[in-house]
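Visitor: I am new to this structure. Please take me through a single part closely, and then show what lies around that part.

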Amino acid sequence: MFMGKDYNSIDAKNRMIIPAKHRNELGLTCVLTKGIDLCLYIYTMKSWEAFMEKLSKLPSSDPDARAFIRHFYSNAVECEVDKNGRITLPQELREYAEIEKDLVTVGVLDKIEIWSRKQWDNEANSTQLPPSEFSKKMVEYGI
């Protein structure tokens with residue numbers, strides 16, 4: 001399970017360092033794809049396969065399901081983690097997530113999210129639920 005938040009940046013060759021605390025679980029090969037909230041997702045191969053299994057069960061007759069599947073599959077790249085714990089972020093994915101230099105990695109259960117620092121700061125400030133709403137959602141979700 002991935003958790004925690006780390007601040008980082010990409011180098012001149014568009015590589016980012018995977019935080020050391022995540023490297024063992026991530027392994028030497030992972031999948032990088034577009035996320036939902038203008039961020040990128042990094043999956044372990046095992047988590048990616050489990051996610052793809054769920055997507056394969058969606059009805060192909062549903063246009064929304066097809067769009068959802070395309071969003072993840074068409075933008076997915078298999079990445080090799082180098083001996084220094086880095087992966088390369090392709091230009092198209094960097095542009096989607098608005099990553100120029102500074103970034104934030106966030107461990108979220110079965111994946112790592114990669115955010116531009118600017119987008120993370122904006123998103124974190126705009127999506128915080130007020131405590132009363134937070135409590136209501138916890139009840140609603142059975143937590």
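Guide: Threonine 44 is buried, with a relative accessible area of 8%. Buried means under 20% relative accessible area, exposed means over 50%, and partly exposed is in between (1.4 Å probe, protein chains only). Threonine 44 is found in strand E4. Helices (H or I, at least four residues) and strands (E, at least two) are DSSP runs, numbered from the N terminus. Leaving out residues up to four places away in sequence, threonine 44 touches Phe2, Glu25 and Leu26. Contact means heavy atoms within 4.5 Å.

A word on the source. This is a predicted model, in which local features need pLDDT of at least 70 and side-chain atom pairs count only at pLDDT 80 or more, while totals for chains, interfaces and linings use all residues. Residues are numbered from 1 along each chain as its sequence is written, and side-chain values use heavy atoms, with hydrogens and water left out.

Now to helix H2, residues 45-56. H2 has 12 residues. From first C-alpha to last it reaches 16 Å, close to the 16 Å expected at 1.5 Å a residue. That expected span is 1.5 Å times one less than the number of residues. Ser47, Trp48, Phe51, Met52 and Leu55 are buried in H2. They lie on the same side of H2, because they cover an arc of only 135° around the axis. The arc is that of the directions from the helix axis to the C-beta atoms. An α-helix has 3.6 residues a turn, so residues three or four places apart point the same way. The face turned away from the buried side carries exposed Lys46, Glu49, Lys54 and Ser56. What covers the buried residues of H2? The cover includes strand E3 (29-34), strand E4 (40-44) and helix H3 (63-73).

Rings of Phe, Tyr and Trp (its six-membered ring) pair if their centres lie within 6.5 Å; planes under 30 degrees apart count as stacked, over 60 as edge-to-face and the rest as tilted. The count comes to 9 aromatic pairs. In one of them, the rings of tryptophan 48 and tyrosine 73 have centres 6.2 Å apart and planes at 70°, so the pair is edge-to-face. Tryptophan 48 lies in H2 and tyrosine 73 in H3, so this pair ties together parts 25 residues apart in sequence. Tryptophan 48 is buried, at 10% relative accessible area. Tyrosine 73 counts as partly exposed, at 41%. Over the ring of tyrosine 41 sits the charged end of lysine 111, 4.9 Å from the ring centre. A charge sits over a ring if NZ of Lys or CZ of Arg is within 6 Å of the ring centre and within 35 degrees of the ring normal.

A nonpolar core is a set of buried Ala, Val, Leu, Ile, Met, Phe, Trp, Tyr and Cys residues joined through side-chain atoms within 4.5 Å. The largest has 20 residues, of which Leu40, Ile42, Ile87, Leu89 and Ile114 touch the most other members. E3, E4, helix H4 (91-96) and strand E8 (111-116) each give two or more residues to this core. Apart from it lies another core, of 13 residues, among them Tyr43, Leu55, Val104 and Trp120.
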